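Please open the structure in a viewer and keep the selection tool at hand.

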Amino acid sequence: MVIIPDFPEECKTYFCFPEMESLAFCRSMKYNVQNTGPQGPEGGSGMRIVVKVGTSTLAHATGRLNIQRMERLCRVLSDLKNAGHEIILVSSGAIGMGVGKLNLPGRPADMPSKQAAAAVGQCELMYTYDKQFTEYSHTVAQLLLTGEDIKSEQRSRNVRNTLSRLLELGALPIINENDAVATDEIGVENTIGENDSLSAIVAAAIGADLLVLLSDIDGLYDKDPRRHPDARLIPTVERVDDELFTLAEDSSTGLGTGGMITKLRAAAIATEAGCEMVIANGSKPEVLYDIAAGRPAGTRFLTGRAAV
């Protein structure tokens, strides 16, 4: 059993593992190496794919929307959906877009201002997603979650039921943490913390075949590529274990920078639930075609079944 450091036990208990673990493991893993047959560029038979996109992918350094990249992301996701895949998007960016929309000089330091920026930015974010996906005849739905939606057995069941029904209806759910009411302060109980973990919990709960984390880095490296030009990309991780976390926490490796620890936590949650995960660079959303088709891209974390 992999120990996921600093991750609330309740989040592992109610939302995914008691009721959904068997469902996640029983789903046909159409993506993993053993079960991936000849495929076209769209990835062959339909999969249930959770894609997490971060603020650095969606916005310029100014906090304003990166229009070109968001348009490409929505076009690729729409095309994958047209190919028969079920898509769930976990999107950060509400606070960053709110900062730009409110013309603030930078990210606020105080919590009320952060939450106000999130309230404004979430409207802008969903307006843009709705506009982009409508151009490709896809209907989006918004779900804003807090830690209580994960820790409460009844509320987590409601979330799963809603997501399942939305997918049955052909909608494209877009999920974010409800930053307007949750906080990211240490010790506050109603927060999930960050969207890497949220996307993994959602993937496990809904029985996803594949989780993709689009980031500002190409994948997992053996050293920090920003400081070590000879750093090598690790294309495949067969098992997320304590040794890997130790490597990431070692300041000499640099893997703790850029949120790599949270991505390894996400990999531990997803792969234990039978869902493969890929970390890839979101600067070119077209990389999702390669990932869906099983071609080499970023770092792929295999499930136990895929590694056998």
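Against which helix and which strand do the buried residues of H5 pack? Select helix H6 (111–134) and strand S4 (172–177): these are the elements that the buried residues of H5 pack against. The model is a predicted one.

**The whole protein**

Of its 308 residues, 54% count as buried. Among contacts between residues at least 6 apart in sequence, 75% join residues at least 24 apart.

**Stop 1**

Select residues 94–101, which form helix H5. Seven of the eight residues in this helix are buried. They are Ala-94, Ile-95, Gly-96, Met-97, Gly-98, Val-99 and Gly-100.

Next, select Lys-101 together with Glu-124. Their side chains form a salt bridge, with an N to O distance of 3.3 Å. Because Lys-101 belongs to helix H5 and Glu-124 to helix H6, the pair ties together parts that are 23 residues apart in sequence. Lys-101 is partly exposed, with a relative accessible area of 43%, and Glu-124 is also partly exposed, at 23%.

Move on to Asn-103, in the loop between H5 and H6. Its phi is near 55°, a positive value in a residue other than glycine. Is Asn-103 buried or exposed? Asn-103 is exposed, and its relative accessible area is 58%.

**Stop 2: Ser-137, beyond helix H6**

Select Ser-137 in the loop between H6 and strand S3 (140–145). Here, too, a residue other than glycine has a positive phi, with a value near 65°. Ser-137 is exposed, at a relative accessible area of 69%.

**Stop 3: Lys-52 in strand S1**

Select residues 48–53, strand S1, and highlight Lys-52 within the strand. Is this lysine, Lys-52, buried or exposed? Lys-52 has a relative accessible area of 9% and is therefore buried, the cut-off for that class being under 20%.

A polar contact of 3.1 Å joins the side chain of Lys-52 to the side chain of Asp-196. To see the surroundings, leave out residues up to four places away in sequence and select the others that Lys-52 touches: Val-90, Ser-92, Asn-195, Asp-196, Ser-199, Val-212, Leu-213 and Leu-214.

**Stop 4: salt bridges**

Side chains of opposite charge can pair when their charged atoms come close. How many salt bridges does a search of the whole structure find? The search finds eleven.

Begin with Arg-48 and Glu-86, whose closest N and O atoms are 2.6 Å apart. The relative accessible area of Glu-86 is 26%, which makes the residue partly exposed, whereas Arg-48 is buried at 13%.

Then select Glu-286 and Arg-72, whose side chains meet in a salt bridge of 2.9 Å, N to O. The two residues are 214 apart: Glu-286 is in the loop between strand S7 (276–281) and helix H12 (287–292), and Arg-72 is in helix H4 (residues 67–82). Glu-286 counts as partly exposed, at 29% relative accessibility, and Arg-72 as buried, at 18%.

**Stop 5: cysteines**

Finally, select Cys-74 and Cys-275. Cys-74 counts as buried at 0% relative accessibility, and Cys-275 likewise counts as buried at 1%. How many disulfides are counted? The count comes to zero, where a disulfide requires a pair of cysteine sulfur atoms within 2.5 Å.

Methods. Residues numbered from 1 in each chain as written. Predicted model: local features only at pLDDT ≥ 70, side-chain atom pairs only at ≥ 80, totals over all residues. Heavy atoms only, no water. Buried < 20%, exposed > 50% of the residue type's maximum accessible area, 1.4 Å probe, protein only. Helix = DSSP H or I, 4+ residues; strand = E, 2+ residues; numbered from the N terminus. Contact = heavy atoms within 4.5 Å. Polar contact = N/O pair within 3.5 Å; in protein donor to acceptor, adjacent residues only side chain to side chain. Salt bridge = Lys/Arg side-chain N within 4 Å of Asp/Glu carboxyl O.
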